[in-house]
Amino acid sequence: MNCSTKNLIANYYSSVDEIPSKVWSSLNANDNVYFKKAFLKSIEDNHENLDFFYVVLLDEAQNAKCFGSIQIVDFYFETVKNDLESFAKRVKEFGQKLNLFPKKKPFKLLICGNTFVSGEHGVLIANGFDKKQTIKELAKAILNYVNKNDKLQIDAFLLKDFVNESLSITNELKDYNYHPFSVEPNMVLHIDESWQNFDDYLQALKTKFRVKAKKAFKLSASLTVKTVTKNSIEEQLPKMEELYKKVAKNASFNLSDFNLSTYKDFINQLNSNYIIKTYYLEDKMVGFMTGVINNKSLDAHFVGIDYNLNKQLAIYQRMLYDYIKIAIDHNLKTLNFGRTASEIKSSVGAEPQDLTMYLRHKKSITNKLIKLFLMRVQPTPFRQNLPFKNKPQ
């Protein structure tokens, strides 16, 4: 589908397979795992519960200048938990009284970004173009597509997750009545160049945190850690799914559930750049962790934990240290732990990286109500630990 106006040329695709190969080369998309065709195709193929489409903006010479990855999810206010749970319930009840929110149908949310990964993985702008102007063109292109497709029945639009350095660009979305709000930060560990191995990392810790790390390894000593391969993924997947559901159930906020069958594609396509490790107590799987190496970063993805054994075996704590060891062994620069459990992640050296989302409801009256709701949305406060000897207090 094509949409051309005086100042906008946009092509829309319902599947990543439809996108011409020259688009990927124009955007240098293969430099980033999250914008590789194979990665996007894996997400698309394994999540039939979501609707997908992709936006490609073109310049006057028909060269691709921007790519937007779109998913449409069924969102339920009931998934909002913790300190915002009661407020979300009031917003929903008030909105339904005014016929602003559907009573029996789910809330249709269009997401420009990656539903299953934290970070700027939904918008790619080619070098040499005015990024402020391009982000506004993308917002206009998304709106045009929805307005021309009545079957979509979109309630709201969400663009996610932008770091502080991008806000001078993405704040242009306010001109299209998008409201910015802060979400839980991405916890990032910067790998010191002097760390040649995991022991170097341990020596960089203050005594208190080094003792904590050694205790975690002692408690988890009975665990056997296995690297999941192309040949073993099928056998281990059912138990991994069971453990993942336990973690997802406890999450304070979920846009959509991840289909772990996607891992089979990731392992085949990304090879050693996609990492899955499982943790066994004798013959029982009690945890798993996943991550992707993207350029010089290791991005932690989903984990699964047997909460009944987590404390006594320090399963999650052990996973955090194993992520660090992987990052050091691969000579990477950063380790992105993602959201949630910010305090425990800070205890191993991670620091918060603020993320901002932008939300807009399709109806103007509801959009004003949404703005009031978003003013109440704040990241959960946590105590930032400072575990390194040479870091200032």
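What pLDDT does the protein average, and what share of the residues score at least 70? The average pLDDT (the predictor's confidence in each residue, from 0 to 100) is 89, and 90% of the residues score at least 70. This is a predicted model, in which local features need pLDDT of at least 70 and side-chain atom pairs count only at pLDDT 80 or more, while totals for chains, interfaces and linings use all residues. Residues are numbered from 1 along each chain as its sequence is written, and side-chain values use heavy atoms, with hydrogens and water left out.

Over residues 81–87, pLDDT stays under 50. For this segment the model has 10 contacts (heavy atoms within 4.5 Å) beyond four places in sequence. Where pLDDT is low, the predicted coordinates should not be read in detail.

A nonpolar core is taken as a set of buried Ala, Val, Leu, Ile, Met, Phe, Trp, Tyr and Cys residues joined through side-chain atoms within 4.5 Å. Buried denotes under 20% relative accessible area, exposed over 50%, and partly exposed in between (1.4 Å probe, protein chains only). The largest nonpolar core has 62 residues, and F67, L109, M240 and Y263 touch the most other members. Helix α8 (residues 233–250) supplies the largest share of this core, 6 residues. Helices (H or I, at least four residues) and strands (E, at least two) are DSSP runs, numbered from the N terminus. A second, separate core comprises 42 residues, including I191, M289, I326 and I328. Leaving aside residues up to four places away in sequence, F67 touches I19, W24, L27, F35, L40, Y54, V55, V56, G122, V123 and L124.

Strand β13 (residues 334–338) is mostly covered, with 5 of its 5 residues buried. T334, N336 and G338 lie on one side and L335 and F337 on the other. Strands are counted as paired if DSSP finds at least two bridges between them. Strand β8 (residues 179–190) runs antiparallel to β13 and is joined to it by 4 bridges; V188 stands opposite N336 in β13. Strand β12 (residues 297–305) pairs with β13 in the parallel sense over 3 bridges, and L298 stands opposite L335.

E137 is located in helix α4 (residues 131–147). Its relative accessible area is 9%, so E137 is classed as buried. The side chains of E137 and K65 are joined by a polar contact of 2.8 Å (a pair of N or O atoms within 3.5 Å; within protein, one must be able to donate a hydrogen and the other to accept it, and residues adjacent in sequence count only if both atoms are side-chain atoms). Not counting residues up to four places away in sequence, E137 touches N7, L8, L57 and K65.
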